[in-house]
Amino acid sequence: MHQYIGGGLRKARGGESQAVVDPATGRTLVLADRASPADVEDAVAAARRAFPQWSRATPGERSAALHELARILGERADELARTESSQTGKPIRLSAGFDVPGTVDNAAFFAGAARHPEGKAQGEYSADHTSAIRREAVGVVGSIAPWNYPLQMAAWKILPAIAAGNTIVLKPAETTPLTALLFAQACTQAGIPDGVVNVVTGRGPVAGEALVSHPDVDMVSFTGSTPVGKRVARLAADTVKRVHLELGGKAPFVVFEDADLEAAIHGAVAGSLINTGQDCTAATRAYVHRSLFDDFVDGVAELYGRVRLGDPFDEATDLGPLGSERQRERVHGFVQRAVGEGAKLVAGGEPPAELAATPWASGAYYRPTLITGAPQDSEIVRQEIFGPVLVALPFDGDDDAIRLANDTPFGLAASAWTKDLVRAHRASREIRAGCVWINDHIPIISEMPHGGFKQSGYGKDLSAYSMEEYTQVKHVMHDLTGTSRKAWHRTIFEL
Ligand code: NAD
């Protein structure tokens, strides 16, 4: 599979490739090109050439193209869902019921948002001048995306950027380039001009760094881990690029003493297992009032035991594999170290034995894992694991719960479970995260922003706020006096 540059598939100049592996079986699906810095150069040049025309298209013209894109993505929904499930191992129920419809809705939303550039009023803020605000595209955007939601991440990066009149070069994760390439093809099919959307497939330290450092890239939009995000920000600083970072998370899930326990148990299972836990907003730390703690742990463990692992293309499958064997080893390492240090393994902590004699025996599967008894300052409570692992810890008072919820370097998302309005308002005010759910955990919508506090990054994806990320504000000031000698000149020279 080649890269997508200037409106067509283009073979990588270095001739190198990398295997795209189905993590459910360990089989290679296809070889994808591995971009060299020369390929990045070509893609940035294509984006730069396309910029003048696309940035001057009217909002209505860009909107029409995005409406058409939404229609085409909807028409190709089945192909997109199947490809997404093949390269990530996520159950088809999730790809077809969440990833793809979410992406189609994102495209429809940004088709509308494209027509709604916002700015302050034009007027006379000085008696002798009229001031106006122009909201302009930033230029060529270099975007880098992770492997957990390859299609949605491509959409979240590409759509607001092009809706606002930018052109873009996207580098998907090396292991999951396929749906980003389909997305770029759909853009061309929708009539979006060649070079507006380009996809280079390659490794982070080579293609990613070439993109972030490129002097002709005006802005970097990165979604991925916090350590790589820090490196990206450092590299982008050399050319003073605008940087937008969507980084890791370690979402707390706070169950107050008056919560609906059954709702909290179901919410914790769904919120921790979505996408096999490889979700930056997944519920990872359940803080549960001591009076409910044992029942909560029993309830989650019981439901975890009923989760069906297996063929991602079987509609009955609940949980797919992790994204790669490497990721499974990483997750298992966290669990083993926690248990070695004295934490209690209540459920899971191993691959599913029932898949041993099936075609999925070589898949990167891992049982839903529930851990208790880990200290607040332990690795498993504080670091992002990115797997189907939930740690449950008891608390005694509301202040304690909020303090523990805030006690990590991350601040992407959180939830609070309570029937008490005052508690709900306090939690939404005091938890430091970009999103706080009350009595739910995970839902996202196109109209509302997604983005972190603290070391989860800065900038917003989705919503009208993301249009601000991808535009810059210009002040234009018109003289109203028509005179050659302005009154203010006298402060400089008296003639
Ligand atoms: P990662 O940071 O390892 O990689 C992300 C991307 O960066 C990949 O495309 C990779 O090739 C590229 N990359 C790696 N090294 C690079 C470098 N030196 N320079 C430039 N690019 C480089 O993350 P991952 O393992 O692919 O994804 C999981 C992470 O993404 C988790 O931390 C998760 O929380 C985060 N994530 C965050 C959000 C969000 O919205 N905040 C959404 C999804 C995933």
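**Close-up views of the ligand site**

**View 1. What surrounds the ligand, by residue class.** The residues of the shell around the ligand fall into 14 nonpolar, 9 polar and 5 charged. Please keep in mind that this is a predicted model. In total, 28 residues surround the ligand.

View 2. Start at glutamate 174, where a polar side-chain atom lies 2.5 Å from an oxygen atom of the ligand. Backbone atoms take part as well: a backbone N or O atom of glycine 204 is 3.4 Å from a ligand oxygen atom, and a polar backbone atom of glycine 224 also lies 3.4 Å from an oxygen atom of the ligand. On its own the ligand has 850 Å² of accessible area, and the protein covers 90% of that.

**View 3. Helices and a strand around the ligand.** Look here for α7 (204–213), β10 (219–223) and α8 (226–237), each of which supplies at least two residues of the shell. Helix α7 gives the largest share, 4 residues.

**View 4. The ligand between two domains.** Domain 1 (3–247 + 456–476) and domain 2 (251–438) both give residues to the shell around the ligand, so the ligand lies between them.

Definitions and conventions
Residues numbered from 1 in each chain as written. Predicted model: local features only at pLDDT ≥ 70, side-chain atom pairs only at ≥ 80, totals over all residues. Heavy atoms only, no water. Near = heavy atom within 4 Å. Polar contact = N/O pair within 3.5 Å; in protein donor to acceptor, adjacent residues only side chain to side chain. Areas by Shrake-Rupley, 256 points an atom, 1.4 Å probe, with all protein chains shown as cover. Nonpolar A, V, L, I, M, F, W, Y, C, P; charged D, E, K, R; others polar. Domains from an automatic or database assignment.
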